[in-house]
Amino acid sequence: MNKLDFSGREQLYYQIYSLLFQDIMNGKYRVGDMIPAESELMESYHVSRATARKAMEMLVNDGLVKKRRGIGTFVTALKPKNDLNRVISYSKKNQADSTIVSKHTIDVNIQPADDELALRLKVEVNTPLICLKRLRCADKEPSYLELNYYEYNFVPEVYNRDFSKESLRAFLKNFYNIQWSYAQQEIYSILAEEKLADLLQVDIGSPIIQIKRVSYDINNVPREFVSTFYRADRHHLEIELSI
């Protein structure tokens, strides 16, 4: 069992949350499985009930688990919900709940902001940015490619973490106390060029759905730019509108 870091550098409840999150993401717990109770977490990690409860609440808020009074806490989803999305991508409806979903870090680097990235994040051209490139798979078959960009000086620790299993969104909220306000998205239909086709394991020229998203904090500052490339044969879009 993984040990917690009691140095105070990172909240204990977040460490427990991250461990359980990883267990769900890597398939240790599947939809319908019961995860350890608060009392078990208290005994295993030598923490208070409040700490164990907070970790559970984070999983509930992610939409990954649901508590059943008098029975336990069960896994209900393999992908955390994202409250920022008004345009939501879904896998094919006939995909089974038992499908093992995983994310793999392809690369993480620091690069100078080009014209588009500088415009999106409202920084100067050549400002150092962290670029996190991850590939999401379903039963080991590529599903989509995601590129996240952040100003390096604002969230430098992102460069040192492994977000193949850890929740990036939860980390930004808990480690840097980023409070998100809203996001703007653009949807494109493109054709896969050679490198993208190779990563997604599709033919060159295959249709791809690209979504570009800029996320803003409560101070109306763009803190994140994400460019995601979805295989069109595995996803469709649902758009929620107010009328």
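Q: Which residues of α3 are buried?
A: In this predicted model, the buried residues of α3 are T51, A52, A55, M56, M58 and L59. Buried means under 20% relative accessible area, with exposed over 50% and partly exposed in between (1.4 Å probe, protein chains only).

Q: How do they fall, seen down the axis of α3?
A: They fall within an arc of 155 degrees, so they line one face of the helix. The arc is that of the directions from the helix axis to the C-beta atoms.

Q: Why would residues three or four places apart point the same way?
A: An α-helix has 3.6 residues a turn, so residues at that spacing point the same way.

Q: Which exposed residues are on the face turned away?
A: That face of α3 carries A50 and N61.

Q: What covers the buried residues of α3?
A: The cover includes α1 (12-25), β1 (34-35), α2 (38-45), β2 (65-68), β3 (72-75) and α5 (168-175). Helices (H or I, at least four residues) and strands (E, at least two) are DSSP runs, numbered from the N terminus.

Q: Switching to I35: where is it found?
A: I35 is in strand β1, and it is buried, with a relative accessible area of 4%.

Q: What does I35 touch?
A: Leaving out residues up to four places away in sequence, I35 touches Y29, M56, L59, V65, T73 and V75. Contact means heavy atoms within 4.5 Å.

Q: How are the residues numbered, and what pLDDT is needed?
A: Residues are numbered from 1 along each chain as its sequence is written. Local features need pLDDT of at least 70, side-chain atom pairs count only at pLDDT 80 or more, totals for chains, interfaces and linings use all residues, and side-chain values use heavy atoms, with hydrogens and water left out.
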